[in-house]
Amino acid sequence: MWIGWGVLIKGGVTIGNGAVIGARSVVTKDVPPYAVVAGVPAKVIKYRFEQEKIDLLQQLQWWDWDIDQIYENLDRLRNFDPTLLKIER
């Protein structure tokens with residue numbers, strides 16, 4: 001996730017994995033994974049990827065992988081290779 005400068009996030013709000021929040025936004029509602037939000041109040045402007053790719057990234061949870069495993073699979077991650085789901089962690 002990336003949070004811009006001067007963002008206000010209301011208590012109890014959940015920010016999804018990979019979300020981007022524009023500078024000086026006021027986040028009053030949950031932000032879905034891989035959404036780009038901005039404004040007062042913050043609204044979804046777009047999604048970083050298609051839903052199929054978002055679902056794959058959410059299932060992979062690659063951010064919990066060992067760094068060596070990430071490097072070994074970097075090209076496959078960049079290409080959203082669905083066979084990555086078969087990797088034992």
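**Helix α3 and onwards**

A: Start with D75 and R78: both sit in helix α3 (residues 74-78), 3 residues apart, about one turn of the helix. Helices (H or I, at least four residues) and strands (E, at least two) are DSSP runs, numbered from the N terminus.

Q: What do D75 and R78 form, and how far apart are the closest N and O atoms?
A: A salt bridge, with those atoms 3.7 Å apart. The term means a side-chain nitrogen of Lys or Arg within 4 Å of a carboxyl oxygen of Asp or Glu.

Q: Where do these values come from?
A: This is a predicted model: local features need pLDDT of at least 70, side-chain atom pairs count only at pLDDT 80 or more, and totals for chains, interfaces and linings use all residues. Residues are numbered from 1 along each chain as its sequence is written, and side-chain values use heavy atoms, with hydrogens and water left out.

Q: Are D75 and R78 buried or exposed?
A: D75 is exposed, and R78 is too. Exposed is over 50% relative accessible area, buried is under 20%, and partly exposed is in between (1.4 Å probe, protein chains only).

Q: How many salt bridges does the count come to?
A: It comes to 3. One of them joins D81 and R76, at 3.2 Å from N to O. R76 is partly exposed, because its relative accessibility is 29%. E50 also pairs with K53, the closest N and O atoms being 3.4 Å apart.

Q: And K53, how accessible is it?
A: K53 has a relative accessible area of 28%, so it counts as partly exposed. Its C-alpha atom is 9.8 Å from that of Y34, 19 residues away along the chain.

Q: Where is Y34 found?
A: In the loop between β4 (26-27) and β5 (35-39).

Q: Why does Y34 count as buried?
A: Because its relative accessibility is 5%.

Q: What does Y34 touch?
A: Leaving out residues up to four places away in sequence, its partners include Y47, F49, L57, W62 and W63. Contact here means heavy atoms within 4.5 Å.

Q: New topic. What's the pattern along the chain?
A: Reading along the sequence gives β-β-β-β-β-β-α-α-α. That is 3 helices and 6 strands.

Q: What percentage of the residues is buried?
A: 31% of the 89 residues.

Q: What does the C-alpha trace span?
A: About 40 × 25 × 20 Å along its principal axes.
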